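This report concerns selected local features of a single protein model. Please consult the sequence and structure shown below alongside the text.

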Amino acid sequence: MRWILTVLIFWVMCGPAVARQPYWEADYDSLTRALPQQTSDTARLRVVQHLLDLHPTNVQALPLLDQLLRLNQQLQLVEAAPYRHLRNGLVLWQQGGADAAALDTMKVAVTEFDRLGRPIPWLLIDLVTLYNRLNRMDARKRYYEQKLAYYRVHNATENIAACYVSQGGYYRRMGDYNRTLNSVLRAADLVRTYDRLLYLRELLVAGAVYADWGNRAKAVQYLGQALRLPEFRRIQGMERVFTFLALSRLYAEGDHPATALRMVDSVLTTHSGDANERKLSQAYALVQKGQVLLQMQRVAPAGQLLKQAQQLDDSLHIPMSGKPGEFELDAAWARYYTARHDDARAEKHWLQAYRKATAARVERLRPEYLKQLIAFYDDRNRPAEAQRYSRAYIALTDTLNAAQNTFHVAQYESERLEQTQNARITSLQQDQAVQAVRLRLGQWLLLGALLTVLLVSALGVFIYRQLQVNRRTLDQLRQTQSQLVQAEKMAFLGELTAGIAHELQNPLNFMKNFAEVSTDLVDGMNPQRNGHVPVLETEILAGLKQNLQQISQHGQRASSIIKDMLEHSRSGTGECVPGDLNALAADSLALAYQGLRTTDKDFYATLSKELDPRLEPVVMVTQDMGRVLLNLCTNALHAVRQRQRDLAQPGAGGPANYQPTVTVRTRRSADSPVVEILIADNGTGMSRQVREKIFQPFFTTKPPGEGTGLGLSLSYDIVTKGHGGTLTVETREGEGTEFLITLPA
């Protein structure tokens, strides 16, 4: 329990959370600040009405009611009658000495609000204060029972919860913890859906009641439940006072007086906009702190605090029972004078505490005060008084037990009523069965209608299924149309590319042919004259020959680029058929290796093939996919050869035993919709800048004259557009590269 209470305190001190709350959780101070900022009378009226719903009886309520009635006189947006009765009741309430008239007027206002069907939970809760001041406990009980029955019929959830809150306070005052918890928890279940702050307060009340009842485990359970709510940090006002006072009492009972003092000090630092509420909370806190100090044997400081509390009580006339709990100032004085061995004054205050509890009908405290009086007289060897109060204690205990028995009977009567209702339901079911037997004779008359209904239902099902089929067909047609449009665009682009390439091919062929013819003519010229070779002519002819060779070489490169462009335009035109992807991958790796070995006899590499033997035939354009795999394997072999050459340079770092390795792996996981082909190498790798551009047309990392920059672009289009797959790359500069192809299985 100790760690729960400690964390609970931390959350309380974190302050209110800033959030957007529903209607009943709206922040009163924020609404008050927003009221002058409203630009229209209608908006101002709605804000005033909201403020009165949240606090219908505080000190600001009377000017708010005047403002509402004045605005409504022009706008006529709300029914004014209940608000006029509420205003008249508040005037009587605040002037003092007219509590009975104030209560009657307030009840008329409640009736008017009920007629309009407007929820007024806080007005119902606040009426308890008037009943307590008039000490009309029986009338209070009857009123809220009647209102609860009315609101149940009209399904007014907010008002039902308010009645349960009020009944919980009544039963706690009567000392019936069982009925108290029954009402409190019913209220908590209802307000949970619309007012989380009130729900939190009812959980705290449940924990405090269990603590008063002596069930500390249950008290910890409900306090811990409150702890987990984010609204716990927003507790302010009298709820905050009630919470810290309950925590202080729990710590004091658990023999942790130092922590109990910290809790009660938090009450003393609580700020409230209402001056009377601030003084009231200070009075309660001073009494509790004084009792904790007496528990710590610090008698003198306790007396000073009790004097301050007495001054506040003399000015406020604090009732025995209020929102923060029971005000036990006389009991605290009795303990103080007992600690100072002033028996006369101690006896006086114990008797006064008992009389006040009896007059206020706070049945929860009367047995405790009687026990204190019995112990007081017994310690002072006054058997006559001890015996007299013992008899009073026994009589009171019997009365409370009788009351408890009455409550149990009432619960039993409600259960019996439920049993009677169940019996009536059973009787109705039996009557219904008899009627079913009698009506069975007319079933033949209904058979035709039933068949008609079945036919209509079958027709409806058929139409619905046809509609679904038509919708799917329409979706397929739209998808096919989109694919045809895309294919037409790509075909047009391919034709355009092919046309441009063909047009460029002709002048390139002429350039190559004329360069070769000119080279032959230069080789056939005899520059020797009269037995000697002119130096100038020789140099000119050599330079001319070199230029012609460069023209021929670059023409061949341009022709290679045009050839790749033509391949680009023709990609994806083949037919997709099932093929052996393992064999295609192995052949592509072998062809790429042999092709590189023909130009570089000194190059050797390790070829690793990890082919999935369970791989089934894959639907693909075999020629196009072979071109992709051959291109990727060739690039991988070039990368490992380049790294091998770089490591062979003098002063190059890296592993001395580097072995060029290219790996081809095929795989299909269980129940996977795709086939994976991985081409990996331990070559030079790529930088991040290069990796971002490798699939762009005409981008290459090979030396001039060795690559066109269209291989990876062509491969990417074949995989993604021609086969509906993906081609991705993972690379680490200086460590290697992995190309991953995924194809639909």
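This is a predicted model: local features need pLDDT of at least 70, side-chain atom pairs count only at pLDDT 80 or more; totals for chains, interfaces and linings use all residues.

The structure contains one cavity of 30 Å³ or more. The volume of the largest cavity is about 70 Å³. Its lining is formed by Leu52, Asp53, Pro56, Tyr83, Leu86, Phe113, Pro119, Ile120 and Leu123. Two elements, α3 (41-54) and α5 (81-95), each give two or more residues to this lining.

In terms of residue class, the lining of the largest cavity comprises eight nonpolar residues, no polar residues and one charged residue. Asp53 belongs to this lining and, as an Asp, counts as charged.

**Gln288 in helix α15**

Gln288 lies in helix α15, which spans residues 275-295. With a relative accessible area of 9%, Gln288 is classed as buried because this value falls under 20%.

Apart from neighbours within four places in sequence, Gln288 makes contact with Leu245, Ser248, Arg249 and Val264.

**Loop residues with positive phi**

Gln297 occupies the loop between α15 and α16 (299-316). Although Gln297 is not a glycine, its phi is positive, at about 65°. Its relative accessibility is 64%, so Gln297 counts as exposed, the cut-off being over 50%.

Asn381 is located in the loop that lies between α19 (366-379) and α20 (383-439). Asn381, also a residue other than glycine, has a positive phi near 60°. Asn381 counts as exposed because its relative accessibility of 66% is over 50%.

Note on methods: Residues are numbered from 1 along each chain as its sequence is written. Side-chain values use heavy atoms; hydrogens and water are left out. Helices (H or I, at least four residues) and strands (E, at least two) are DSSP runs, numbered from the N terminus. Buried means under 20% relative accessible area, exposed over 50%, partly exposed in between (1.4 Å probe, protein chains only). Contact means heavy atoms within 4.5 Å. On a 1 Å grid over the protein atoms alone, a cavity is a set of points where a 1.4 Å probe fits but cannot get out, and a pocket is an open set with protein on both sides within 12 Å along at least five of seven lines; lining residues have an atom within 4 Å of a point. Grid points are joined across faces, edges and corners, and a volume is the space filled by probe spheres set on the points.
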